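Subject: A structure for you to explore

Hi there,

Here is the structure I promised to pass on to you. Have a look around it first, and then read my notes below.

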Amino acid sequence: MICFSSYNDESYRKKEDNILIEVKHLTKKYGTHLAVDDLSFTIEKGRIYGFLGPNGAGKSTTMNIMTGYIGASSGEVIINGHNILEEPEKAKKCIGYLPEIPPLYLDMTVSEYLYFAAELKKIPKADRNAQVIKVMELIKLVDMKNRLIKNLSKGYRQRTGLAAAILDFPDIIILDEPTVGLDPKQIIEIRELIRTLAKDHTVILSSHILAEVQEICDDILIISKGKLIAEGSPDELEELTHGKETIELTILADETSVKQVLSDFSDIDDVNWLDVSKDSCHIQINTNKDSQEICADLSLKFAQKKMPVTQMFVNKATLEDIFLELTGDVMEVTNNACYL
Ligand SMILES: Nc1ncnc2c1ncn2[C@@H]1O[C@H](COP(=O)(O)OP(=O)(O)OP(=O)(O)O)[C@@H](O)[C@H]1O
């Protein structure tokens, strides 16, 4: 597992004081299928966390266990000091959960549903009205309060589910793929809402969209095949791309002469011979060193040997390439958003 955060004694103590959720060696088997495989991590107060991973990675299963919806095969989840199995009521009180498909009653109006949810959450009768109104204002649902849920757009249904999840203003808000199926405008609105909520709550969301977690989250946990494979801030994950560059060039010379020149370069890790003919070589060079410096040296050396270089360019690894390498999954790129 790749983990970036390094702690000295003082910052470690601070982190310990701030821990809100501890997930320890969590495992979940469906029959013989291992959906969550020895997952351990901690969640600190006041931050936005993103679970990033391809479909079937185990994000929903992990969230369902953390929120007490399903049991784990082994391992522990401690929410604000309460074990989710041993003290489920106290643990669940700290969490507002919006599952991927919110459990809405389509024949209720928004406000009927929220009063019903407030009752289920055992919010005292005297406080219910004030809390429903406060949440509808926060989530910008007031204009829709008398609308039947079945007549709402997907975005407003999502908001209604979210409003119900946070009715009792829990410390932790867990959102499973909150923007799936929304149009671009609704996605922007939900992301803004998440940022607003994060001012007073710890937020954990899951997504398979790299750009989304990069944009909203303070910390990213990358999950693949039930395992945590990397953890860090968006900037720290971006660091992974550094030093992973390839240089592609075409030299008007035969293979033996090109190999002779390259043999003088100790910083070259590996050469792919993309297209070779009697008097031309198109090659790709992998290096972990400064590619600009190597490019300058290569062009000088080939020029000295009177071997013309007709093209040379550097391909920088992107964060998408790194995720591909880490998760081994295919990714689709749409409108600059990367889908794992
Ligand atoms: N109730 C179930 N019974 C059997 N297998 C299941 C069940 N729920 C999930 N799985 C399997 O467990 C694995 C993890 O699924 P999970 O839904 O947690 O992944 P995910 O990362 O949330 O993916 P997605 O984004 O597609 O929801 C998948 O292989 C899935 O098919």
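Let's begin with one residue. Y105 sits in the loop between β7 and α4 (110-120); helices (H or I, at least four residues) and strands (E, at least two) are DSSP runs, numbered from the N terminus. Y105 counts as partly exposed because 14 other C-beta atoms lie within 10 Å. For that label, a residue is buried if 20 or more other C-beta atoms lie within 10 Å of its own, exposed if 12 or fewer, and partly exposed in between, with C-beta atoms placed from the backbone. Leaving out residues up to four places away in sequence, Y105 touches Y113 and I149, where a contact means that the C-beta atoms of two residues, placed from the backbone, lie within 7 Å. From Y105 to F116 there are 11 residues in sequence and 10.0 Å in space, C-alpha to C-alpha.

Two notes before you go further. This is a predicted model, in which local features need pLDDT of at least 70 and side-chain atom pairs count only at pLDDT 80 or more, while totals for chains, interfaces and linings use all residues. Residues are numbered from 1 along each chain as its sequence is written.

**The whole protein**

The protein has 12 helices and 17 strands. Its radius of gyration is 26 Å, well over the 20 Å that the globule rule gives for 340 residues, so the protein is more spread out than a compact globule. That radius is taken over C-alpha atoms, and the rule is 2.2 Å times the number of residues to the power 0.38. The C-alpha trace spans about 90 × 45 × 40 Å along the principal axes. Of the 340 residues, 32% count as buried. Among contacts with a separation of 6 or more, 69% are between residues 24 or more positions apart.

**Strand β7**

Which way do the residues of β7 (residues 95-98) point? I95 and Y97 point one way, G96 and L98 point the other way, and all are buried. In a regular strand the side chains alternate between the two faces of the sheet. β7 runs parallel to strand β8 (residues 172-176), with four bridges joining them; two strands pair if DSSP finds at least two bridges between them.

**Two open sheets**

Seven bridges link β12 (residues 245-251) to β15 in antiparallel fashion, and I247 has V314 in β15 as its bridge partner.

**Around the ligand**

Which residues surround the ligand? They are Y30, H33, A35, G53, N55, G56, A57, G58, K59, S60, T61 and H208, where near means a C-beta atom, placed from the backbone, within 6 Å. The largest share of this shell, three residues, comes from α2. By class, the shell has three nonpolar, eight polar and one charged residues. Here Ala, Val, Leu, Ile, Met, Phe, Trp, Tyr, Cys and Pro count as nonpolar, Asp, Glu, Lys and Arg as charged, and the others, Gly among them, as polar.

**Two loop residues to look up**

Most residues other than glycine have a negative phi. F169, in the loop between α6 and β8, has a positive phi of about 45° although it is not a glycine. K225, in the loop between β10 (219-224) and β11 (227-232), has a positive phi of about 50° and is not a glycine either.

Enjoy exploring!
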